[in-house]
Amino acid sequence: MNVLLSSASNKVPLLRALRDAVKRISPEGIVTAGDSNENVLTRYFCDEFWRMPHTVEANTKEIIGALKQLNITHVLPTRDGELLFWAQIKETLMAENISVIVSECESIERCLDKLQFAQLNLPSIIPAFDELDVDLPRNKTQRLVVKERFGAGSKSIGINLSANDAVAHASNLSSPIYQPFIEGSEISVDAWLTRDGRVKAAMCRVRELVINGESQVTYTLPQSPLLPTIQETLEALNLSGPVVLQAIVCNEKLHIIECNSRFGGASTLGIKSGVDSLYWSLCEALGHDIDAIPVELSKEKITQMRAATDYYL
């Protein structure tokens with residue numbers, strides 16, 4: 001087994017969690033960190049490093065050839081911008097006995113497009129609009145969130161704005177969307193779905209401290225009463241593998257912001273709490289009976305603190 005962590009960047013906790021999953025299945029298995037930048041931290045923690053080409057259509061033939069030459073057996077994409085690339089070639093790679101842990105193109109596109117996602121006919125999802133009529137009475141009193149339709153939602157976001165301020169903020173964005181501002185606790189949900197879109201397990205966690213869009217301090221909410229609604233939403237999205245749902249809880253009601261169809265920056269807490277997403281992904285790719293693998297979710301609250309650590313070689 002040789003698993004490529006694509007767009008490995010500085011995702012050291014993810015790489016180490018992936019290595020643990022690989023070794024549980026195959027003690028001789030290895031993890032190859034791949035990134036277009038050779039100056040990344042993961043190169044010091046992987047078994048092999050590959051300075052790979054950018055994941056764009058023009059490099060498809062080169063990438064497939066290199067995967068075969070490196071004897072890669074599985075690929076785990078980690079960046080939103082590369083998910084469609086891998087989804088589009090995963091059938092070709094399957095013919096070469098290379099499994100890609102990624103959802104189908106249609107499901108990925110739906111999650112990447114925040115407007116399309118918000119317009120799904122699901123009651124818990126926060127609505128979104130690409131235009132705002134500031135002359136409407138309801139828009140004059142409604143507080144709003146403005147953000148880019150595509151890309152990382154935390155970048156260039158405007159929160160709790162008046163209608164006029166929202167329009168002014170939107171003028172600085174390339175493809176803005178508007179959403180009603182909902183005040184409450186922001187949570188993330190680490191979940192894993194089978195290839196046929198069934199949720200095997202999910203765990204809610206509170207994002208207590210967020211820096212640059214990623215949780216630095218986060219803690220789990222075991223046995224959350226919101227899980228049935230979360231499961232229904234996730235299964236309606238036809239996703240597979242590891243995913244992260246973002247939501248706001250207000251008066252014990254769930255308001256879903258978006259869904260990332262990949263392993264999240266702090267999803268190692270999900271693994272710690274029993275959502276064994278990387279191990280399950282590899283087992284499923286190898287043809288194991290995924291339903292026969294037990295789920296043991298922690299019933300105790302677990303807090304994760306993410307901080308820089310010194311390592312010595």
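Hi everyone, let's start with Asp196, which is exposed at 55% relative accessibility; exposed means over 50% relative accessible area, buried under 20%, and partly exposed in between, with a 1.4 Å probe and protein chains only. Its salt-bridge partner is Arg198, at 3.2 Å from N to O. By salt bridge I mean a side-chain nitrogen of Lys or Arg within 4 Å of a carboxyl oxygen of Asp or Glu. Arg198 is partly exposed, at 34% relative accessibility. Shared partners join Asp196, Arg198 and Asp291 into one network of salt bridges.

A quick word on the source: this is a predicted model, where local features need pLDDT of at least 70 and side-chain atom pairs count only at pLDDT 80 or more, while totals for chains, interfaces and linings use all residues. Residues are numbered from 1 along each chain as its sequence is written, and side-chain values use heavy atoms, leaving out hydrogens and water.

How many salt bridges does the rule give? The count comes to 13. Another one pairs Arg149 with Asp113, their closest N and O atoms 2.8 Å apart. Arg149 sits in the loop between β6 (144–148) and β7 (158–161), and Asp113 in the loop between α4 (105–112) and α5 (114–118), so the pair ties together parts 36 residues apart in sequence. Those helices (H or I, at least four residues) and strands (E, at least two) are DSSP runs, numbered from the N terminus.
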